[in-house]
Amino acid sequence: MTNSKASQHTTAAPGFKIVCEICDGLGIVFDCAEDAPATTQIRCRHCGASRGTLGELRDLSASGQHDLFEI
Ligand SMILES: [Zn+2]
């Protein structure tokens, strides 16, 4: 019996906001390259509020939810 079910069934990564708390927008913007550090801040495309970090976004992408975003 292994108990190695990590956190692979979360609806959203803790910290990263799929929908902006301020304007309810889905669009995000970030000025970074593909190999940017995971600590890069990602902002709301509509109001500029912080939505989380690139690392958190990658966690979402890895779970197949990146199509939610209109980049
Ligand atoms: Zn916003």
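**View 1. Asp24, out on the exposed side.** Asp24 is exposed, since 10 other C-beta atoms lie within 10 Å (a residue is buried with 20 or more other C-beta atoms within 10 Å of its own, exposed with 12 or fewer, and partly exposed in between, with C-beta atoms placed from the backbone). Look for Asp24 in the segment before E1. Its phi is positive, about 65°, although Asp24 is not a glycine. Most residues other than glycine have a negative phi. A word on what you're looking at: this is a predicted model, where local features need pLDDT of at least 70, side-chain atom pairs count only at pLDDT 80 or more, and totals for chains, interfaces and linings use all residues. Residues are numbered from 1 along each chain as its sequence is written.

View 2. The three strands make an open, antiparallel sheet in the order E1-E2-E3 (strands pair if DSSP finds at least two bridges between them). At the edges sit E1 (28–29) and E3 (50–53), each pairing on one side only. Helix H1 (residues 54–62) packs on this sheet and touches E2 and E3, its direction making about 75° with that of E3 (axes are lines fitted to C-alpha atoms, for helices over the stretch in contact, and angles run from 0 to 180 degrees between N-to-C directions).

**View 3. Where E1 meets E2.** E1 pairs with E2 (residues 41–44) in the antiparallel sense, over two bridges. Here Ile28 stands opposite Cys44 in E2.

View 4. Setting aside residues up to four places away in sequence, Cys20 touches Gly25, Cys44, His46, Cys47, Ala49 and Arg51 (contact puts the C-beta atoms, placed from the backbone, within 7 Å). Of the chain's 71 residues, 14% count as buried.

View 5. Gly15 lies in the segment before E1 and is partly exposed, with 13 other C-beta atoms within 10 Å. Beyond its neighbours within four places in sequence, Gly15 is in contact with Gly52 and Glu56. Gly15 and Glu56 are 41 residues apart in sequence, and 7.1 Å apart in space, C-alpha to C-alpha.

Key:
Contact = placed C-beta atoms within 7 Å. Helix = DSSP H or I, 4+ residues; strand = E, 2+ residues; numbered from the N terminus.
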